[in-house]
Amino acid sequence: MNSLRLNKIYDYIDAGRYTEAVDLCKSLLTSSKSDLVRSLLAFCYSRSGQLKEARELAVELVAAAPTSSDILAALNLTLSDLKEYSILADLYRQHWTRNGSNLDSNAKLSLANYTKAQDYKSIQSVSIRLSKVAKPPLNNMYAWWSVAALLMQAIAAENSQEKLIALTLASRLVDGLTCDNAQQTYLLTRLYMLSDKLDTAAHLLSQHQDHIRTSLALEEIHWDVLKQLNDHSTIKNKARELLLDGSQNYAHHSAYLSTVGQEDAQEAVALFEDLAEKNTKERGHVMALMELSKQFNDATLPTLIERYWHQFKNKPVCFDDLEVFVKHLYHTNQDTSALLHLFTAALHDEHEAQDTRINAAKLMRSLSITTTIERDLSDAQYFAQQWKEYQYTGNDVPSTDIHPADDWSVLASLCYISAFSKSRDTSHLETASSFMESAMLTNGRSYKLKILMIAVYRILGSSKIFGIVRMMRIQSVQQDTLSHFGCSEVSALSITSGDVAGVLPNTTTFRSVWAQSERECSEMLARLFENGTWSHLEDFTDFAMKLKLSLHKWILWFEHVRVTVSESSKIEEEDLRAWYEKLEEIGDVDSLVDSRDWSLLPNWSPFAESGAREQLHALTYQQKKWLRAYKRIYERVLSLALNKTEKQSSDKEHEHNHNHNHANGEGSSDIEEHKLTDAERILHDISLIAPSYHKQGSDVEKAPVAQQVLEKYGDFAALLAQAKLPVEQLHCVKVAIETWSLIQLAVPAPSKKKKTKSPSYPLYQGVIEALKTMVASWEKQASADASLFARMHELVQRRIDYKNV
Amino acid sequence: MTTIKAFKSTDILSFNKINLDYWTETYSISFYQQYLIKWPDLCISLTHPDSSLMGYLFGKIEGRGMDHHGHVTALSISPTHRKIGLASQLMKQFEHLSSILSPTYFIDLRVVGYYGDQEDAYDMRKALPRDVNKETVRQDGHLHRCAPEDTIFEN
């Protein structure tokens, strides 16, 4: 092998020029079948996003049991990139076994990779072997690894027998171990808890009080053990002791409250009254009194709420603390008029502090129970006026901080939104957006305003939405919980992928944020084992699982595909294959986890009314059923485009639906539950009809199927005419364009030979006519962002010119 | 009405109300998990009964000899939950744990300019009981410069 050319490959890799490195590797491999070059090629494939090629080549190389350290290093990086930790672990294990040494680095690498793969059986088998040959203290460390691996096997066991075996083995192992620190005490406690040896767990913890004092995790698990033992007297005494000692941890209030029955309610009231009197700054004691009143449904709750109000009304947390109790009064039909009067008076009392008046406003709105449009608008004007008058309170506040008057602007905006939800009149949203834009000029730090603006812009079909999303600077760890505010149905508002650059995270390559997060989690799990931080073992596993099975990740992937499908004149077969493979990767939709955080949307609505999330709802929530239905649509269309056989279940569904018997089909239940939008349901129906076109042999038989597709496509025009909200109009047109793209994939274009006699000719011409007509009528009625509609019009013009593709 | 617990990785999925604040940095997952692995007892969360996260603290113990101290890496309270002494509560807890876990001489917290914007940091220190003569702190600390490199300690 020419070392100069080999060095050149390394230079390309160092510079991140993977495409050139791939070309050079391929060129070298034409004259020499060097495994080192092949391993570097696999690595470059993985880094340049050619994952399938990288995986195939790496697996081939592993099968040849390489021994060269250079090849192993390249395979290590490649298989780690691909998250193929099990293959890597097996490779190192083979080396370890072959070398005959019990403690070489291959054993550790094997163990680390089994940990990254969460292969707990293999971790246990390797670590138990190491624990027998290693010298102290390493032998002890590996023994604890085995115990932890057995605990995780017991948690993941599919049946009670498997669980019992794992726990029995773990119990035998711990018999020979001494518990030296809080982490080992934690692991052992969890083991006893899972084995239903709660007394043993309690005994163990009683011997390790010093560890409990320094570990909040151990303290928490201690309470859990006592609760599971129903040891009320110990819980009560311990909690009481801590509270009398000055504890401000509400976990201790909660622990005490969990033991209180009707018979000792007075004793509990006396305790918390005493504590509240001694420490008037601590909210927890008054909250505990309110909790007791709520629990026993006595008549003191309004008085206690009033007491809390007078003590803490100027704290921003006041509304959050009181909301649950005030809501309880409403739900139990108790008289809240005195409280409403109290809060209304405070709201209008100019001598009260601003924070007090803001809390009063939130509570007054909640206790209004329900409002009229006129009331919403007058409240909005009042709150907007307060926002204006209190602007001076931000004079000495740095521009990086939240403006003290921000919540007035949020309150005013919520009132306009409430008026919109009652009337569906978008002028209220336009007023809200103008107001919020002016509020943002004074101070742009309020995330509540930003999120509300995103939701309002979405309904108004305004492209300003993308600027606000970018302003939020969503970091990688927040993609799963925060980005949905800006990215839900983002395809409706974007004409090209340029619109969503920096908004929609790239989910198509392994470098995407979720893939990166998964790799980080795997790496950290291996380090957790090395450090023996057992209190976080289940937490790390749970967290990794939530990211791996993220629902939002797949929703965003679909949004990316939809934007691409709509803007591309021609989609390459390579892309279609990649999408098809990705669809298979989604797997079982039911197992996906929804971590989207909706609580960020401020919600101070009257109790009998829906919250801001529902009030600003349009189209669909894009939940699991939506994803499942959409996945099937694309599976059907891509199968046709790639000449693949559809999956059996999809075939059955097709037969079922094609016979116009939608009553019991699995796919139809998704539609009945309105998980797809009306426009998406047209696409869905077309995806069910299209396969029949291929099943027919002659043109005469194909023609009626094409006609059926065209008739269904005609529904888009009717839908657009009915659509009221700008986002609904945009969505309808965008799905019509998406459907047109998918029809082109599913039904072959008219052949040049047959021309107008092609069975698909009327369909293609008909769709173009339908799109032209839609655009013409929509131009007249479009009420949203003019530039967005103009660009959409251009897109339609471009997309109907299919003959030039 | 605040529950003090050990911070968990899954709390990362609900810390937006805290981290959307301008002064609160959002780090990579591995940053948070490194702390949870190495100093699980010094990573603390505050939770409201409605399950929302109110604030958190990430700390560590570092330095040798008289430099052996507890360091607060991140401390943030959500805007809604400010002005009720939560940060003090977290600092008291941290001070207590730093004294017991690995007896330290002081605890410190660095703010302003520590994040690479060319400014120096304020190195705010509080002596702990082990530092009987309070040798680790200065009364006129605000008059002394403290560069980022001064905040790197050997372990």
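The radius of gyration is taken over C-alpha atoms, and the globule rule used with it is 2.2 Å times the number of residues to the power 0.38. With 155 residues, a compact globule would have a radius of gyration near 15 Å, and chain B, at 16 Å, agrees with that. The model is predicted, so local features need pLDDT of at least 70 and side-chain atom pairs count only at pLDDT 80 or more, while totals for chains, interfaces and linings use all residues. Residues are numbered from 1 along each chain as its sequence is written, and chains are lettered from A and ligands numbered from 1 in the order in which they are written.

**Chain B**

- Chain B holds 3 helices and 6 strands, where helices (H or I, at least four residues) and strands (E, at least two) are DSSP runs numbered from the N terminus.
- Along the sequence of chain B these elements follow the pattern β-α-α-β-β-β-α-β-β, and its C-alpha atoms fill a box of roughly 45 × 35 × 30 Å along the principal axes.
- Buried residues make up 42% of the 155 residues in chain B, a residue being buried if 20 or more other C-beta atoms, placed from the backbone, lie within 10 Å of its own.

**Chain A**

- Chain A has 42 helices and 0 strands, and its C-alpha trace spans about 95 × 80 × 55 Å along its principal axes.
- Of the 805 residues of chain A, 47% count as buried.

- Helix 8 (residues 120-133) of chain A has 14 residues and reaches 20 Å from its first C-alpha to its last, close to the 20 Å expected at 1.5 Å a residue, the expected span being 1.5 Å times one less than the number of residues.
- The buried residues in helix 8 of chain A include Tyr120(A), Ile123(A), Val126(A) and Leu130(A), and what covers the buried residues of this helix includes helix 6 (85-99), helix 7 (105-116) and helix 9 (138-156) of chain A.
- Helix 40 (residues 726-746) of chain A has 21 residues and reaches 30 Å, close to the 30 Å expected; 20 of its 21 residues are buried, so helix 40 of chain A is largely enclosed by the rest of the structure.

**Where the chains meet**

- The contact takes 42 residues from chain B and 50 residues from chain A, with two residues in contact if their C-beta atoms, placed from the backbone, lie within 7 Å.
- On the side of chain B that touches chain A, the elements giving two or more residues are strand 1 (3-6), helix 1 (16-19), helix 2 (29-38) and helix 3 (86-101) of chain B, and helix 2 of chain B gives the most, with 6 residues.

Notes
Buried ≥ 20, exposed ≤ 12 C-beta atoms within 10 Å, placed from the backbone.
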